[in-house]
Amino acid sequence: MTTTAPTFDTSNSLTDHDNPTTNRLRVVFAGTPEFAAISLESLIKQQEALNIEIVAVYTQPDRKAGRGQKLSASAAKEVALAHDIAVEQPVTFKKSSAEGLAARQTLRTYQPDVMIVAAYGLILPIGVLETPTHGCLNIHASLLPRWRGAAPIHRALLAGDDETGITIMQMDKGLDTGDMLYKVSESIASDDTAASLHDKMAALGATAISTVLKDLAAYQAQAIAQNDSQANYAEKLVKTEGEVDWSQPAATIERQIRGLTPWPGAYTFLAGQRVKVLASLPVNTSQQTNEPAGTVISVGRKAILVACGKESDAESSATTLAITHLQFAGGKPMTAEQICHGNQLNDGDQFTSETK
């Protein structure tokens with residue numbers, strides 16, 4: 001793990017920890033899912049050390065969830081309530097609506113010095129961004145400007161990136177276009193899934209925002225503008241991205257499986273029935289085949305070998321993927337060994353798309 005940060009003199013930092021009479025920085029935190037809750041919990045525990053006071057938590061309205069469709073509080077809200085911190089759940093900040101105007105007024109009453117934003121899920125207009133004295137800081141799970149947008153963790157995996165990280169960014173009216181205050185990188189392991197990488201980024205984000213808050217004025221003074229030419233848009237995931245196209249190279253499919261775990265998950269079809277592809281081994285480039293894409297070459301105890309597409313048109317043979325875990329329609333997740341001992345999959349079977 002490497003850290004990139006400006007070098008500066010901290011003698012004029014916004015918070016002076018040697019002076020106990022210094023007023024604490026009034027912080028409003030805005031976030032919704034577990035990724036945000038990790039940073040919130042960390043900041044709450046460090047309020048005295050960081051000379052801050054978290055005066056309110058903004059989060060998305062409660063949503064219906066689970067089989068019973070009962071209203072469920074966000075992870076960030078649960079943390080806030082556990083620590084007796086005020087919770088606000090506006091549906092909008094647009095000044096064109098009465099609700100938005102009221103939300104802006106409520107925010108002003110907290111007299112925030114800074115707002116920390118992490119996967120909040122609500123657009124913050126320029127009027128909101130300018131309300132805190134020192135603006136709004138975003139905990140973004142990418143080494144900006146690499147991946148801007150809603151799904152940077154997944155897109156990094158799908159693209160086969162070797163590393164990712166956290167950027168603490170000064171928010172502006174653009175989509176993740178603000179100046180960068182601090183960046184810290186993390187290698188992407190060959191077995192990382194979206195779930196495991198999410199957990200790494202959540203922990204890294206909590207550490208990064210604490211680092212910036214220790215010397216906020218200095219980091220803001222040394223902010224670095226993003227190079228827009230290096231930016232990519234990390235589009236929000238949709239369920240259909242999970243369908244496996246076996247004509248793609250095995251390396252692409254292997255990244256798809258990891259990048260979409262746990263949601264929406266990779267899947268294929270066998271005799272018209274959906275089959276979830278839960279996990280596979282790293283691609284063995286020496287294992288090639290002339291079988292049609294999607295053909296089950298062998299059902300073994302360690303893995304199920306499936307024919308995939310060629311790496312390039314110049315290749316004479318196609319690649320293969322060794323799948324270790326599947327879940328058949330209506331069934332539980334199964335290992336290759338369990339499948340080998342059953343009769344749900346046989347050598348020569350064909351995985352297909354939904355249209356076939």
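User: A salt bridge being a side-chain nitrogen of Lys or Arg within 4 Å of a carboxyl oxygen of Asp or Glu, how many salt bridges does a search of the whole structure find?

Analyst: The search finds six salt bridges. Please note that this is a predicted model, in which local features need pLDDT of at least 70 and side-chain atom pairs count only at pLDDT 80 or more, whereas totals for chains, interfaces and linings use all residues. Residues are numbered from 1 along each chain as its sequence is written, and side-chain values use heavy atoms, with hydrogens and water left out.

User: Where does Asp 192 come in, and which side chain does it meet?

Analyst: Asp 192 meets Lys 200 in a salt bridge, with 3.0 Å from N to O. Asp 192 counts as buried at 3% relative accessibility, and Lys 200 counts as partly exposed at 32%. Buried means under 20% relative accessible area, exposed means over 50%, and partly exposed lies in between (1.4 Å probe, protein chains only).

User: And which residue does Asp 161 pair with?

Analyst: Asp 161 forms a salt bridge with Arg 146, and their closest N and O atoms are 2.7 Å apart. Asp 161 lies in the loop between α6 (152-159) and β10 (163-170), and Arg 146 in the loop between β8 (136-140) and β9 (147-149), so the pair ties together parts that are 15 residues apart in sequence. Helices (H or I, at least four residues) and strands (E, at least two) are DSSP runs, numbered from the N terminus. Asp 161 is buried at 14% relative accessible area, while Arg 146 is partly exposed at 32%.

User: What about Arg 155, which partner does it have?

Analyst: Arg 155 and Glu 241 meet through their side chains in a salt bridge of 2.8 Å, N to O. This pair links distant parts of the chain, with Arg 155 in helix α6 and Glu 241 in the loop between β12 (232-234) and α9 (250-259), 86 residues apart. Arg 155 counts as buried at 12% relative accessibility, and Glu 241 is partly exposed at 25% relative accessible area.

User: Back to α6, then. At what angle does it pack against α9?

Analyst: The angle is about 160 degrees, and the axes of α6 and α9 are 8 Å apart. That makes α6 roughly antiparallel to α9. Axes are lines fitted to C-alpha atoms, for helices over the stretch in contact, and angles run from 0 to 180 degrees between N-to-C directions. Angles under 35 degrees count as roughly parallel, over 145 as roughly antiparallel, 65 to 115 as roughly perpendicular and the rest as oblique.

User: Is the α6 and α9 crossing left-handed or right-handed?

Analyst: The crossing of α6 and α9 is right-handed. A crossing is right-handed if the near helix is turned clockwise from the far one by less than a right angle, and left-handed if anticlockwise.

User: How do α6 and α7 cross?

Analyst: The axes of α6 and helix α7 (residues 194-214) come within 10 Å and cross at roughly 125 degrees. These two helices are therefore oblique to each other, and α6 passes α7 in a right-handed crossing.

User: Changing topic: how many disulfides are there?

Analyst: The count comes to zero disulfides, a disulfide being a pair of cysteine sulfur atoms within 2.5 Å. Cys 340 is in no disulfide, and the nearest cysteine sulfur, that of Cys 308, is 19 Å away. Cys 340 counts as partly exposed at 28% relative accessibility.

User: Which peptide bonds are cis, for instance the one at Pro 145?

Analyst: A cis peptide bond joins Leu 144 and Pro 145, with omega about 10 degrees, and Pro 145 lies in the loop between β8 and β9. Another cis bond joins Thr 261 and Pro 262, with omega about 15 degrees. Pro 262 is placed in the loop between α9 and β13 (266-270).

User: What is the phi of Asn 51?

Analyst: Asn 51 has a positive phi of about 60 degrees although it is not a glycine. Most residues other than glycine have a negative phi, and most peptide bonds are trans. Asn 51 is found in the loop between α2 (47-50) and β3 (52-58), and counts as buried at 10% relative accessibility. Ala 271, in the loop between β13 and β14 (273-280), has a positive phi near 50 degrees and counts as exposed at 75% relative accessibility.

User: Finally, how many helices and strands does the chain have?

Analyst: The chain comes to 10 helices and 20 strands. Of its 356 residues, 47% count as buried.
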